[in-house]
Number of protein chains: 2
Amino acid sequence: METKFRRNTKQRQAILAELCARKTHPTANELFHAVRDRLPRISLGTVYRNLEVLAETGQVMKMRDGGQETRYDGNPLPHAHLRCSSCGRLFDLEMSAPDLDRLVGTEISGCLVTAVTVTLDGICTPCRSRS
Amino acid sequence: METKFRRNTKQRQAILAELCARKTHPTANELFHAVRDRLPRISLGTVYRNLEVLAETGQVMKMRDGGQETRYDGNPLPHAHLRCSSCGRLFDLEMSAPDLDRLVGTEISGCLVTAVTVTLDGICTPCRSRS
DNA sequence: CTATCTGCAAATAATTTGCATGTAC
DNA sequence: GTACATGCAAATTATTTGCAGATAG
């Protein structure tokens, strides 16, 4: 959408609030169901459209690393993730990657770097004890 | 598919050869069209099925970081990527991340780490000169 | 007021799957 | 010979879009 002004609708507020209230990294559909408790008439399309806007304005991060669905992260600060290859969940890692984060804003092979994403793959504790 | 034996079909060979011959990170559909020059009756479903098998056996890497389509990488060695936020292309980076690669095989918060993915976002040289 | 946003439903895009037939081992 | 793989087409899943009515600023 190439629009100049952005309205602060109750739908957009509710989606952002719901996302920021979570430490998990929900899908659009999960957010849709959560937000629907408060706004019963909200539609899935609206959730997708708002997440797109929020990602453009940098309030939210889109994460397409893992499974089939896009997940969203309400934490705008740089932090690494761990994806469980068994259950597909994404966890925040305390760890950061200072050497890599420093690359933001620099040029590499003529490319201006705007973000650094670090994702580890592994098996999370619940999945390990289950097997 | 939970099968024991894996056949070395000409389709699977052709897909892997085509992928390894490239420095780019093609989509399933791009590979489909490329391989079809040699195997005119190959189907898109077969390409998807084989890429899945090749990813399971570690000969190929699935990359879902960026745009909407999954891309595949025929280089099994660890290396970072740069994704152009304008055109969506994925480039290999000479750079590696030794501090992070060292994490493979270790445990972090009880999770056994099996892989580390590093992706930078930026605008590639062609896209920068175009604007 | 009016440009932006919403709900709804239909459309699209990527990927997966069922099934009859083919083929590597 | 038989389990695994293929081609084809239909099904599924995630996401996007068109449009008429609603609403934030």
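Visitor: Which residue just after helix 3 of chain A takes a positive phi?

Guide: That's Gly58(A), with a phi of about 80°. Keep in mind that this is a predicted model.

Visitor: OK, staying with helix 3 of chain A, which of its residues are buried?

Guide: Val47(A), Asn50(A), Leu51(A) and Leu54(A) are buried. Looking down the axis of helix 3 of chain A, those buried residues fall within an arc of 105°, so they line one face of the helix.

Visitor: What covers the buried residues of helix 3 of chain A?

Guide: The cover includes helix 1 (10-20), helix 2 (28-36) and strand 2 (71-73), which belong to chain A.

Visitor: How far apart are the end C-alpha atoms of helix 3 of chain A?

Guide: They're 19 Å apart. At 1.5 Å a residue, the 13 residues should span 18 Å, which agrees.

Visitor: Give me the wider picture. How many helices and strands does chain A have?

Guide: Chain A has 5 helices and 6 strands. Along the sequence, the pattern reads α-α-α-β-β-β-β-α-β-β-α. Of the 131 residues in chain A, 27% are buried. For contacts in chain A with a separation of 6 or more, 44% are between residues 24 or more positions apart.

Visitor: Switching to the DNA. Which residues come nearest to DNA strand D?

Guide: Asn8(A), Gly45(A), Thr70(A), Gln11(B) and Thr46(B) come nearest, out of 31 residues around DNA strand D. The elements giving two or more residues to that surface are helix 3 (44-56) of chain A, plus helix 1 (10-20) and helix 3 (44-56) of chain B.

Visitor: Which element gives the largest share of the surface near DNA strand D?

Guide: Helix 3 of chain A does, with 5 residues. By class, the surface near DNA strand D has 7 nonpolar, 13 polar and 11 charged residues.

Visitor: And which ones come nearest to DNA strand C?

Guide: For DNA strand C, they're Gln11(A), Thr46(A), Asn8(B), Gly45(B) and Thr70(B), from 31 residues around it. Here the largest share of the surface, 5 residues, comes from helix 3 of chain B. Helix 1 and helix 3 of chain A also each supply at least two residues.

Visitor: Now the protein interface. How many residues of chain B are in contact with chain A?

Guide: 27 residues of chain B are in contact with 27 residues of chain A. On the chain B side, helix 4 (98-101) and strand 6 are the elements giving two or more residues. Strand 6 of chain B has the largest share, 13 residues. By class, the chain B side has 15 nonpolar, 8 polar and 4 charged residues.

Visitor: How many bridges join strand 6 of chain A to strand 6 of chain B?

Guide: There are 11 bridges, and the two strands, residues 111-123 in each chain, run antiparallel. Val116(A) stands opposite Leu120(B), and Val113(A) has Gly122(B) as its bridge partner.

Visitor: What about inside chain B: does strand 3 pair with strand 6 in the parallel or antiparallel sense?

Guide: Parallel: strand 3 (residues 81-84) of chain B pairs with strand 6 of chain B over 4 bridges. Leu82(B) stands opposite Leu120(B) there, and Leu120(B) is also the residue opposite Val116(A). Strand 5 (residues 107-108) of chain B pairs with strand 6 of chain B too, in the antiparallel sense over 2 bridges.

Visitor: Which residue in the hairpin of strand 5 and strand 6 of chain B takes a positive phi?

Guide: Ser109(B), near 45°, in a hairpin with 2 residues between the strands.

Visitor: Last one: is Val60(B) buried or exposed?

Guide: Val60(B) counts as buried because 22 other C-beta atoms lie within 10 Å, and the cut-off is 20 or more. Val60(B) is in the loop between helix 3 and strand 1 (61-63) of chain B. Leaving aside residues up to four places away in sequence, Val60(B) touches several residues, including Leu19(B), Leu51(B), Leu54(B) and Tyr72(B).

Methods:
Residues are numbered from 1 along each chain as its sequence is written. Chains are lettered from A and ligands numbered from 1 in the order in which they are written. This is a predicted model: local features need pLDDT of at least 70, side-chain atom pairs count only at pLDDT 80 or more; totals for chains, interfaces and linings use all residues. Two strands pair if DSSP finds at least two bridges between them. A residue is near a molecule or strand if its C-beta atom, placed from the backbone, lies within 6 Å of it. Ala, Val, Leu, Ile, Met, Phe, Trp, Tyr, Cys and Pro count as nonpolar, Asp, Glu, Lys and Arg as charged, and the others, Gly among them, as polar. The expected span of a helix is 1.5 Å times one less than its number of residues. A residue is buried if 20 or more other C-beta atoms lie within 10 Å of its own, exposed if 12 or fewer, and partly exposed in between; C-beta atoms are placed from the backbone. The arc is that of the directions from the helix axis to the C-beta atoms. Two residues are in contact if their C-beta atoms, placed from the backbone, lie within 7 Å.
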